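Hi,

Here's the structure I promised to pass on. Have a look at it first, and my notes on what turned up follow below.

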Amino acid sequence: MVRFHLSTTATATASPLHSHGVELVAPFPLLSLTPHHRHRHHFQLPFPSLSASTSSPRCSRRKRASCSCKMTDSQGKATQPAGRDVRSGDMIFQPILEKGVFRFDCSADDRAAAFPSVSFVNAKDRETPITNAAEAVPTFIPTYQSGSESQTVQLQLPAGTSFYGSGEVSGQLERTGKRVFTWNTDAWGYGPGTTSLYQSHPWVLAVLPNGEAIGVLADTTKRCEIDLSTESVIKFVAPSFYPIISFGPFPSPAAVLSSLSHAIALTAVWICTGTVFMPPKWSLGYHQCRWSYDSDLRVREVAKTFREKGIPCDVIWMDIDYMDGFRCFTFDKASPSSLVKDLHDNGFKAIWMLDPGIKHEQGYFIYDSGSKIDGWVQNTNGQPYIGEVWPGPCVFPDFTQSKVRSWWASLVRDFISNGVDGIWNDMNEPAVFKTVTKTMPESNVHRGDDDLGGRQNHLHYHNVYGMLMARSTFEGMKSSNENKRPFVLTRAGFIGSQRYAATWTGDNLSNWEHLQMSISMVLQLGLSGQPLSGPDLGGFAGNATPKLFGRWMGIGAMFPFCRGHSEKGTTDHEPWSFGEECEEVCRLALRRRYRLLPHIYTLFYMSHTMGTPVATPTFFADPKDPSLRNLENSFLLGSLLVYSSTVSDQATHEVKHILPHGIWMRFDFDDAHLDLPTLYLQGGSIVPLGPPYQHVGESNVSDDLTILVALDENGGAKGQLFEDDGDSYDFTKGEYLLTHYVAELKSSVVTIKVSKTEGLWKRPSRRLHVHLLLGGGAKLVALGMDGDAIQIAMPTALDVSELVSTGEKQYQKRLGKESSKPIPDVKADTGPKGAELSRTPVELKSGDWSVQIVPWIGGRIISMKHLPSGTQWLHSRIDVDGYEEYSGTEYRSAGCSEAYSVIERDLVHAGEEESLMLEGDIGGGVILQRHVSILKDRPQVLQIDSGIIARSVGAGSGGFSRLVCLRVHPTFTLLHPTETFISFTSIDGTKREIWPDAGDQTYQGNQLPNGEWMLVDKCLGVGLVNRFKVEEVYKCYIHWGTGTVNLELWSEDRPVSKQSPLTVSHQYEVARVASS
């Protein structure tokens, strides 16, 4: 297919999209310029903006007949009926699995045509109606519109419904107004508007106004649009044909997730039913990672420092550099046995990375053995597909085949013999370098097992590739020791991946926005069936500040999965790397985690056996309360409420704490700190605590146990503690102890006792410390033997009041700066003449735009977000990419590495525009000036006026500078690379449509765009229009990167004087586009 299309029949004034299947909703205007003031121009005849209520068309693929095939024969020919007319109506349904669960299809034929389920652990459960519910009728019935290539499903729910889930997604917790696309993507440095991340969960959890909840699963592995842009409406769009599975309505969100787990849970002789594999207890400790520790000496040094400084840690991770030339299953030294022994001797586990890309190299034993079984993903010619990743040219295992999964599992089994304690599957979207899509071609061929879908193209299996790799890795670890629990971490996944692996939220950024997002992202994964997740604490990309790192550690120590990780080229990100104040906060935070490990481990047992999440949004405490549904700086660990601050200039106690209805007792471990979260225990709850070990291996069942008790309004409380050996499957044979504790207030005496036990273990002989919370941090303490009834006499109401008052005073004293040394803020650098120079972004937010600009090195625009559509067109870190400008024709010439300072800052006030002016000294008496503004009279327009100006050029040069060129270099993010193109009409009237496979393109003279060009995303149904003054632009340049594109504007190349600056004035506006 030729994507680079030229048509010389069009006129210069016609829309550049009309002839290419995309229609602008409003007329494409001509360009008109009127002077405003020096180096700035406003563009007249504004382009109609995209309204918030406008819905865009579905993703319309230009050549995707293969999307709709049911199965293919050995030659890949479609065997599914084609050419059906578009149909619509109510979906047909049948009850499946258990009461309250329904399968919906467009028709009986479509039901038969659907692919096997990969999300259901037993695909037959989806196909088999339950006989004892023949008269069951669902409360809500979806409608559909279906053709041979695409199926749209819509479910209308009551007004006031709140949406959650949709898996690994960035941005806000409550998802109304959002659209995402399930397409596993290597999304380094993603932003809140990124629509495809590393995992795919075509699932929505809807909480109804009355607190009941319903879950909806679009059971398809293919790219699926989840559109929640319309209030109280769920819409799925994906290639035909796929069923919808609904769970509920049930009385609570937790009940929905428990029901979901019955579909996607793992059941086997050696493991209990449950949505998540039962993690080894050590994996719930703290993990320290970096890309990469450069030697075994450095690893030993890091491990030793943890112990010397008394900072708890259980695991050290080995990133890809441990390998021999990035070849999987190899080591750059003969054996890691000496390092592993030292780590084990000091109480550390070691986790090692394995990627799917296998170096294409004869003589490399992995490549040779994989070739022998014909185990690689193939291209359309039937040859192994070769794509470039870390080792260079690579082939990729076809994990859709059982023989390949067995082969990989055998490699893992042998690998474990090196002392490997856990395995990290990275890059398994699968990520491929030097391609605009960041992955392998959708036309690649997988020769899958029949129960997965058979022989299909990569479009079908892309989203489950990572899950199948994690499954193979899990099974390989399991086969190495049948009674030892594996630990696998995977970056890519699909709904159901939690059966095999934990996950993390990918390559995040070291900034406050990502700290804030990390809470919602962990919660969304839990609400989508994956309870064992966490972010890279401190941020992966970029340098964290001490306050950011400490605050993130305080919050992250309460996440289900707790790991610090950072990339090459950044400063050290170990807990002691940011000064003694930050180090102390990290120490306190991790000691908290280890005290709470008995509670966290118990929550995982409940999640494993009952399908309940470990970390949940605050509204789980009262789903009927709408005021709780949007809280993003607090969350629950069972009955424990964690309240945090994700704002740099606010301590946790300064944030307004909105508590659910009922009794909530604040407490701490005499460790209250301005940079640590505030903890509450729900009335009616008992949680178990342990000593703050340095690592899990130090613990013993006979150690003292502590329980924390908060009575409810009726003077009662209850809680559980699960105990086993922490590492084996003996608990499946009854070798465990599950203790049910209760507390009861009668006649001013609180009695705490064991009400029930489960399991074959006998209760250890140990002391039990009971802490009865009174409020305000005050508590009563009693000591006895575990298993015996322990009684505490309650003081009088007056005495309790005095104790609470004293506890409050002590709490405030601990928060005082003398006792609780706050982590210092990093001082802003000082720019020229005292102007503002800071790594902290300045936000311009007005009208349709939210823009973040960093007045620091490069003066980059690091985020351009269009608010009505929720589209983030550009996002980057502060030191590379984003929107840059250069002063020469060379890439990254002067302008991108100089310090910029704020010269002028105008906020929206009394109807004025929002604007920012920066200047950067680029040497030789020349400055690069940039004015960014959102216009008052046309708030849909983002205006950028830039110029290279001679400020103090010497007289000896005649007042003229060196040769300069103003090169505007924005790096836009491609959310859907295969559905994105650039469209414009040249000055000579030629219509052009430039797709990624056209490669780099340059336009000059009459081939220049006639004052505007557009970056079109057909999946989103929007286009980013970039307008400019033709007389100021000498050349336009397009460069397609990996998941990015540069739309560059170049001025002419000449010297400048005070009287003759170089200027480029241009603007951005978003337009809605429609598929023809």
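**Cavities first**

The second largest cavity has a volume of about 80 Å³. Keep in mind throughout that this is a predicted model. Fourteen residues make up the lining of that second largest cavity, and Arg592, Ala672, Pro677, Thr678 and Tyr811 are the ones nearest its centre. Two elements each give two or more residues to this lining: strand 37 (678-682) and helix 12 (797-815). Sorted by class, the lining of the second largest cavity comes out as eight nonpolar, four polar and two charged residues.

And the largest cavity? That one holds about 110 Å³ of space. Its lining takes in 18 residues, with Phe115, Asp219, Thr220, Thr221 and His460 lying nearest the centre. By class, the largest cavity is lined by nine nonpolar, six polar and three charged residues. Searching the whole structure gives nine cavities of 30 Å³ or more.

Next, have a look at the open sheet of nine strands, which pair in parallel in the order 30-29-27-24-20-19-18-32-31. Strand 30 (533-534) and strand 31 (536-537) are at its edges with a single partner strand each, so one side of each has no neighbour in the sheet. Further in, strand 19 (residues 315-318) runs parallel to strand 20, and four bridges join them. If you want a spot to start from there, Val315 stands opposite Lys349 in strand 20.

Strand 22 (residues 387-389) and strand 23 pair antiparallel through three bridges. Val389 has Gly392 in strand 23 as its bridge partner. Strand 23 (residues 392-395) is also joined to strand 21, again antiparallel, by two bridges. In that pairing, Lys359 is partnered by Cys394 of strand 23.

Helix 7 (residues 402-416) is 15 residues long and spans 21 Å from its first C-alpha to its last, close to the 21 Å expected at 1.5 Å a residue.

Is Phe329 buried or exposed? With a relative accessibility of 9%, it counts as buried, because the cut-off for that is under 20%. Leaving aside neighbours within four places in sequence, Phe329 is in contact with Leu354, Phe365, Ile366, Trp408, Leu411, Val412 and Phe415. Take Val412: 83 residues separate it from Phe329 in sequence, yet the two are 8.0 Å apart in space, C-alpha to C-alpha.

Cheers

Technical notes: Residues are numbered from 1 along each chain as its sequence is written. This is a predicted model: local features need pLDDT of at least 70, side-chain atom pairs count only at pLDDT 80 or more; totals for chains, interfaces and linings use all residues. Side-chain values use heavy atoms; hydrogens and water are left out. The expected span of a helix is 1.5 Å times one less than its number of residues. Two strands pair if DSSP finds at least two bridges between them. On a 1 Å grid over the protein atoms alone, a cavity is a set of points where a 1.4 Å probe fits but cannot get out, and a pocket is an open set with protein on both sides within 12 Å along at least five of seven lines; lining residues have an atom within 4 Å of a point. Grid points are joined across faces, edges and corners, and a volume is the space filled by probe spheres set on the points. Ala, Val, Leu, Ile, Met, Phe, Trp, Tyr, Cys and Pro count as nonpolar, Asp, Glu, Lys and Arg as charged, and the others, Gly among them, as polar. Buried means under 20% relative accessible area, exposed over 50%, partly exposed in between (1.4 Å probe, protein chains only). Contact means heavy atoms within 4.5 Å.
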